[in-house]
Amino acid sequence: MTNITRNILAFTQGVIDLIIYWLSFSLAMSLWLSGIPAVFAFEIRAFFAGTMLAVFFFNSLYSFQNWIFWDEIKAVLKSTALIVLVIVLYLYSQKFDLSRFMITSGILIFVPLCLLARYVFRRIFFALGLLTTNIIILGAGRTGEIFAEKIIAHPFTSCKVVGFLDDDPEKQGKIIAGFPVLGTLDDFMKVYGEYRIDEAASAISTASRSLLTHILDIVEFHVRQVHYIPDMYMLTTFSASMHDVDGLPVISASQGLLNPINRAVKSTFDYVGAVFAIVIFSPVMLWVSWKIKRTDGGEAVTVQERMGCKFRAFNAYKFRLVRRYGALLRNTGIYELPMLFNVLKGEMSLVGPRPLMPKEIENCDDVMRKIYTVKPGISGFWQVSGRSNIDMELRGEMTLYYIRNWSLWLDIVILLRTLYVMISKMITKPGRTN
């Protein structure tokens, strides 16, 4: 994609955002400002719209940098919060008597419409080939394969993997994650000219400093951006930040759930979220309990011993999987809803590692001991990763990655994706219900 095309699409996205923003606040004002002169309302709408465009622009929402839709949601929400702050300060300074309900209504209309429009816009123009970023992955090992699978799983990235380059002779000509190994690193210029490469991703997790320098020498000045992907689930933290200390680059990483403050925040979120979820899902849980009791007269909820934080035993609650409804409850994950009460008791989290069975702690290694310094969760990072062939070692690495990189937003994303998976399975794999 050329820079001219990208600029045209960015301008188009801005016009779409502007129209949605204008209409959202026009609708809100029509509900709350019927007695205010039209010119006054027009001036306010114009200021609101200009503020939106400026904030979105400076937060890079017109550069198509977010590869995952969840990141786009986060960026829009953060930008909208700043917009509201600017608007409130402006109205206060000008002594405009506008209803807070009007501002809230406008935002509540704008945010979902904006996100929907951005998603549809990205998908349509990607399908038309107008917003496609051709990317070559340097390294056809496990890290490169996972990266390619992530791009496939998230079409919002607008990236198109053309293939891999790898110096390993045994990988030449092979197909990795559905994409061919097109040659060695020294074949970059040939592949660059043939496929019109826009960006490159270095996915050689064990690359030495000299190899990284060699890769940079090959791709520098040819592609728009170079991405460096370390060994994804080991020592990496995506909450890291870089600082300049008198010309010396220093990378600082947060402690994730190893930080006591973060644990306290997570515990508060778990409790509030569990109460909210129990209220929302109470009709479903009551209906399931009634169905199970009606089937054979037995108890609806079963108690199973599980090992939690620091391998302490606790009783996990689950719906009993009776013959007629077992497939439905298991496929959708509904059978685990009673564990929300384990969250209220402080024995589990909404998101965390899988609870262990007692016999599993006999073979625990150092990785498992690190993982179970936190509470187990109803859902988890690897469960919503989109990969169905995850072995136990990779599960452990991904869970450690989650612990080191925990954030409140990450928990929210995992829970939303869990809900999406539940609904999808209810539609596609309903199981036997008669």
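Lys266 and Asp411 are joined by a salt bridge in which the closest N and O atoms are 2.7 Å apart, a salt bridge being a side-chain nitrogen of Lys or Arg within 4 Å of a carboxyl oxygen of Asp or Glu. Because Lys266 lies in helix H8 (residues 260-296) and Asp411 in helix H13 (residues 408-428), the pair ties together parts that are 145 residues apart in sequence. Helices (H or I, at least four residues) and strands (E, at least two) are DSSP runs, numbered from the N terminus. Lys266 counts as buried at 5% relative accessibility, and Asp411 counts as buried at 0%; here buried means under 20% relative accessible area, exposed means over 50%, and partly exposed lies in between (1.4 Å probe, protein chains only).

This is a predicted model, in which local features need pLDDT of at least 70 and side-chain atom pairs count only at pLDDT 80 or more, while totals for chains, interfaces and linings use all residues. Residues are numbered from 1 along each chain as its sequence is written, and side-chain values use heavy atoms, with hydrogens and water left out.

**Salt bridges**

By the rule given above, the count comes to 10 salt bridges. Three of these pairs are set out here, with the accessibility of each partner.

| Pair | N to O distance | Relative accessibility |
|---|---|---|
| Lys266 and Asp411 | 2.7 Å | Lys266 5%, Asp411 0% |
| Glu360 and Arg354 | 2.9 Å | Glu360 24%, Arg354 27% |
| Arg369 and Asp366 | 3.5 Å | Arg369 45%, Asp366 58% |

In the second pair, Glu360 counts as partly exposed, and Arg354 likewise counts as partly exposed. In the third, Arg369 and Asp366 are 3 residues apart in helix H11 (residues 366-371), so they are separated by about one helical turn. Arg369 is partly exposed, whereas Asp366 is exposed. Elsewhere, salt bridges that share partners join Asp17, Glu72, Arg118 and Arg122 into one network.

**Aromatic rings**

A pair of aromatic rings is described by the distance of the centres and the angle of the planes. In this structure there are 12 aromatic pairs, where rings of Phe, Tyr and Trp (its six-membered ring) pair if their centres lie within 6.5 Å, and planes under 30 degrees apart count as stacked, over 60 as edge-to-face and the rest as tilted. Phe64 and Phe121 form a stacked pair, because their ring centres are 6.4 Å apart and their planes stand at 15°. This pair links distant parts of the chain, since Phe64 is in the loop between helix H2 (38-58) and helix H3 (69-94) and Phe121 is in helix H4 (residues 100-127), 57 residues apart. Both Phe64 and Phe121 are buried.

Tyr119 and Phe156 form another stacked pair, with 6.1 Å from centre to centre and 5° between the planes. Here too distant parts of the chain are linked: Tyr119 belongs to helix H4, while Phe156 is in the loop between helix H5 (142-153) and strand S2 (159-165), 37 residues apart. Tyr119 counts as partly exposed at 31% relative accessibility, but Phe156 counts as buried at 3%. The charged end of Arg122 sits over the ring of Phe156, 4.0 Å from its centre; a charge sits over a ring if NZ of Lys or CZ of Arg is within 6 Å of the ring centre and within 35 degrees of the ring normal.

**Nonpolar cores**

A nonpolar core is a set of buried Ala, Val, Leu, Ile, Met, Phe, Trp, Tyr and Cys residues joined through side-chain atoms within 4.5 Å. The largest one has 44 residues, of which Phe319, Leu329 and Tyr402 touch the most other members. The elements that give two or more residues to this core are H8, strand S10 (313-319), helix H10 (340-344), strand S11 (349-351), H11, helix H12 (392-404) and H13. When residues up to four places away in sequence are not counted, Leu329 touches Val288, Ile292, Phe319, Arg320, Leu321, Ile334 and Tyr335, contact meaning heavy atoms within 4.5 Å. A second, separate core of 36 residues includes Ala10, Phe25, Met29 and Phe56.

**Around Thr332**

Thr332 lies in helix H9 (residues 326-332) and counts as buried at 2% relative accessibility. Leaving aside neighbours within four places in sequence, Thr332 is in contact with Met422, Lys425 and Met426.
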